[in-house]
Amino acid sequence: MAHPFVKWVGGKRALMSELMAHLPPQFDPQVNSYYEPFLGGGALFFALQSGQWHKTSSWLIKANLSDTNLPLIITYQVVKQQPQNLITRLKEHQANHSLEYYYQIRNHHDLNSDLEIAARFIYLNKTCYNGLYRVNNQGRFNVPIGRYKDTSAIVQTENILACSQALNVTSLDHQEFNQIKPKAGDFVYFDPPYHPLEQEASAKSFTKYAKLDFTQKDQEALRDFAIELHQNGIYVMISNSDTQFIRDLYDTEFFKIKPVFAPRFINSKANKRGKVGEILICNYL
């Protein structure tokens, strides 16, 4: 059973039962394609690919996965095409892991090898603070080391091999969300950087997903694109934070809004961790 090979802020594993309960019943994954343009950890994709939808692992859904985070997409491509080489390189990172080694690897910003980029990406993800992905204005990863005594998560041999198999019939693209081209009957799941619940630096930093923030104008562009997809006969599901801005944005005849609650553990203040209100926005409920 493949599951996400990276930790991801806002990852959907804890919300999977809600997502699975609200999949479009009319969608036929043996005929049409699945799209996930904000790939991240890909929790829903791996759940679908592991048989949690169709109750069998004898066939794989056709999926089109994409993201604006180039190192992330390169890492997926390496998991798909070179899993054994990646495992070997991760074992080397695991054997050398230390405070000094972490910052040495973190400073390697201009690697030319896809294998090295992928191994660095997973190593830093498994050893940095809370698995947070954040870049500075130059697009360079700048998260400090985390406090992990157990380094076994760096090398997930069985899961990487399972993920490689799950990715076998997928396309992987580095592109903006509105560059996808689904057809009538396809299903698109959007999990964008969330609109912040609080206008504070710690909340805003989680939208620093690539070199540029995902702004309110970007949220509006996503809504407009979702309407376009709806009008073309495509099933759309969107996750976002439960804020008045997002509710007003999707207060149209095209969408229905379902409140859900998801656990969140990344906050500098312990009393602000716990269940957080989110919403699912669908054009088919």
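Analyst: Glu92 and Arg89 sit three residues apart in helix H4, which covers residues 83-96, so about one helical turn separates them. Helices (H or I, at least four residues) and strands (E, at least two) are DSSP runs, numbered from the N terminus. The model is predicted, so local features need pLDDT of at least 70 and side-chain atom pairs count only at pLDDT 80 or more, while totals for chains, interfaces and linings use all residues. Residues are numbered from 1 along each chain as its sequence is written, and side-chain values use heavy atoms, with hydrogens and water left out.

The side chains of Glu92 and Arg89 form a salt bridge, with N and O 2.8 Å apart. A salt bridge here is a side-chain nitrogen of Lys or Arg within 4 Å of a carboxyl oxygen of Asp or Glu. Arg89 has a relative accessibility of 18% and counts as buried, whereas Glu92 is partly exposed at 38%. Buried means under 20% relative accessible area, exposed over 50%, and partly exposed in between (1.4 Å probe, protein chains only).

Glu116 is partly exposed, with a relative accessibility of 24%. Taken together, Arg89, Glu92 and Glu116 are linked in a network of salt bridges.

By the same rule, the count of salt bridges comes to six. One of them joins Arg247 and Asp242, whose closest N and O atoms are 2.6 Å apart. Arg247 is partly exposed at 28% relative accessibility, and Asp242 is likewise partly exposed at 28%.

Asp67 is buried but has no salt bridge, and Lys12, the nearest side chain of opposite charge, is 12 Å away. A polar atom of the Asp67 side chain does, however, lie 3.2 Å from the backbone nitrogen of Gly40.

Back in helix H6, two further residues can be described. Ile117 is found in this helix and is buried, with 17% relative accessibility. Its C-alpha atom lies 9.1 Å from that of Val78, although Ile117 and Val78 are 39 residues apart in sequence. Asn125 is also placed in helix H6; at 5% relative accessibility, Asn125 counts as buried. The side chain of Asn125 reaches the backbone oxygen of Lys7 at a distance of 2.8 Å.

Asn130 lies in the loop between H6 and helix H7 (157-166). Asn130 has a positive phi of about 60° although it is not a glycine, and it is partly exposed, with a relative accessible area of 27%.

His3 is in the segment before helix H1 (16-21) and is partly exposed at 27%. The C-alpha atoms of His3 and Ile160 are 8.8 Å apart, while 157 residues separate these two along the chain.

One cavity of 30 Å³ or more is present in the structure, and the largest cavity has a volume of about 30 Å³. A cavity is a set of points on a 1 Å grid over the protein atoms alone where a 1.4 Å probe fits but cannot get out, and lining residues have an atom within 4 Å of a point. The volume is the space filled by probe spheres set on the points, which are joined across faces, edges and corners. The largest cavity is lined by His97, Lys126, Thr127, Tyr148, Asp150, Thr151 and Ile154. This lining divides into two nonpolar, three polar and two charged residues. In that count Ala, Val, Leu, Ile, Met, Phe, Trp, Tyr, Cys and Pro are nonpolar, Asp, Glu, Lys and Arg are charged, and the others, Gly among them, are polar.

Definitions and conventions
1 Å grid on protein atoms, 1.4 Å probe; cavity = no way out; pocket = protein on both sides within 12 Å on 5 of 7 lines; lining within 4 Å. Lys, Arg positive; Asp, Glu negative; His and termini not counted. Polar contact = N/O pair within 3.5 Å; in protein donor to acceptor, adjacent residues only side chain to side chain.
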